[in-house]
Amino acid sequence: GRGMGEGGSAATKGGKQGGTRRGANICILRVVHPAIEEFVSRKKDGKTLGNFNISVAVTDAFMEAVASGGEYDLVNPRTGRPVKRLKAREVFDLIVATAWQTGDPGLVFLDTINRANPTPALGDIESTNPCGEVPLLAYESCNLGSINLARMVDGNGANFKRLRSVVRSAVHFLDNVIDVSRYPI
């Protein structure tokens, strides 16, 4: 089979967002996953996961273990049972060295994000979109839009009537994107 994310990377390479820039994907793996060292090092060959941003989801407990020089458990995601212990600082050093070499991985501070989760009753936030602007619950997609504010100026001031109209149209468009999206799961 293909390596981690290569199918998604090829699919993204074939299409461009707005016809101008490549699309982006993100892979986020929790620091407690048994394959974390392989994941962190995956992009070192300069070929694998080329259209992906990769990040490691870290917790407060992991960062405290880094600071204290302690160890932490790798946990089987299927059973929830520890399978191995690693020195947190060594894993953190690997993350930093690989980020220096390849630009990836980034870090996602899950506990920090979830402390500010506006909808905790719906679940824990598990990831972000590829550029990190939008924290996401499981199976949510990134639906972003932008407005060129330079085009909302008439003479020396803001054209608030035009801005109001464009904002309403943009929000309606983004809402329509949700309505026509197909969710695989």
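The structure is a predicted model, in which local features need pLDDT of at least 70 and side-chain atom pairs count only at pLDDT 80 or more, while totals for chains, interfaces and linings use all residues. Residues are numbered from 1 along each chain as its sequence is written, and side-chain values use heavy atoms, with hydrogens and water left out. The chain has 6 helices and 11 strands; helices (H or I, at least four residues) and strands (E, at least two) are DSSP runs numbered from the N terminus.

**Overall figures**

- Of the 185 residues in the chain, 25% are buried. Buried means under 20% relative accessible area, exposed means over 50%, and partly exposed lies in between (1.4 Å probe, protein chains only).
- The accessible surface of the chain is about 12200 Å², and carbon and sulfur atoms account for 53% of it. Accessible areas come from the Shrake-Rupley method with a 1.4 Å probe, and for residues only the protein chains shown count as cover.
- Among contacts in the chain with a separation of 6 or more, 53% are between residues 24 or more positions apart. A contact means heavy atoms within 4.5 Å.

**Nonpolar cores**

- The largest nonpolar core has 20 residues, and those with the most contacts inside it are Val-31, Ile-36, Phe-39, Val-56, Phe-62, Tyr-72 and Val-91. A nonpolar core is a set of buried Ala, Val, Leu, Ile, Met, Phe, Trp, Tyr and Cys residues joined through side-chain atoms within 4.5 Å.
- Two or more residues of this core come from each of strand 3 (25-30), helix 2, strand 4, helix 3 (60-68), strand 5 and helix 4. Strand 4 gives the most, with 4 residues.
- Leaving aside residues up to four places away in sequence, Tyr-72 touches Val-31, Val-32, Ile-36, Phe-62, Lys-84, Arg-85, Leu-86, Ala-88 and Val-91.
- A second, separate core has 6 residues, including Ala-57, Leu-110, Ile-113 and Leu-137.

**Helix 3**

- Phe-62, Ala-65 and Val-66 are the buried residues of helix 3. Seen down the helix axis, these residues fall within an arc of 105°, so they line one face of the helix. The arc is that of the directions from the helix axis to the C-beta atoms.
- The cover over the buried residues of helix 3 includes strand 4, strand 5 and helix 4.
- On the face turned away from the buried side, helix 3 carries the exposed residues Ala-61, Glu-64, Ala-67 and Ser-68.
- Gly-69 follows helix 3 and has a positive phi, near 80°.

**Salt bridges**

- There are 5 salt bridges in the structure. A salt bridge is a side-chain nitrogen of Lys or Arg within 4 Å of a carboxyl oxygen of Asp or Glu.
- Glu-71 and Arg-85 form one of them, at 3.2 Å from N to O. This pair links distant parts of the chain, with Glu-71 in strand 5 (residues 71-75) and Arg-85 in strand 6 (residues 82-87), 14 residues apart.
- Arg-85 also forms a salt bridge with Asp-73, at 2.7 Å from N to O. This pair again links distant parts of the chain, since Arg-85 is in strand 6 and Asp-73 in strand 5, 12 residues apart.
- Glu-71 is partly exposed at 40% relative accessible area, as are Arg-85 at 45% and Asp-73 at 28%.
- Glu-38 forms a salt bridge with Arg-42, with the closest N and O atoms 3.2 Å apart. Glu-38 is partly exposed at 43% relative accessibility, and Arg-42 is partly exposed at 23%.

**Cysteines**

- The whole structure has 0 disulfides, a disulfide being a pair of cysteine sulfur atoms within 2.5 Å.
- Cys-27 is buried, with a relative accessible area of 18%, whereas Cys-142 is partly exposed at 34%.

**Backbone exceptions**

- Most residues other than glycine have a negative phi, and most peptide bonds are trans.
- Leu-49 is a residue other than glycine with a positive phi, near 60°. Leu-49 sits in the loop between helix 2 (36-41) and strand 4 (52-58) and is buried at 1% relative accessibility.
- The peptide bond joining Asp-104 and Pro-105 is cis, with omega about 10°. Pro-105 lies in the loop between helix 4 (88-102) and strand 7 (106-109).
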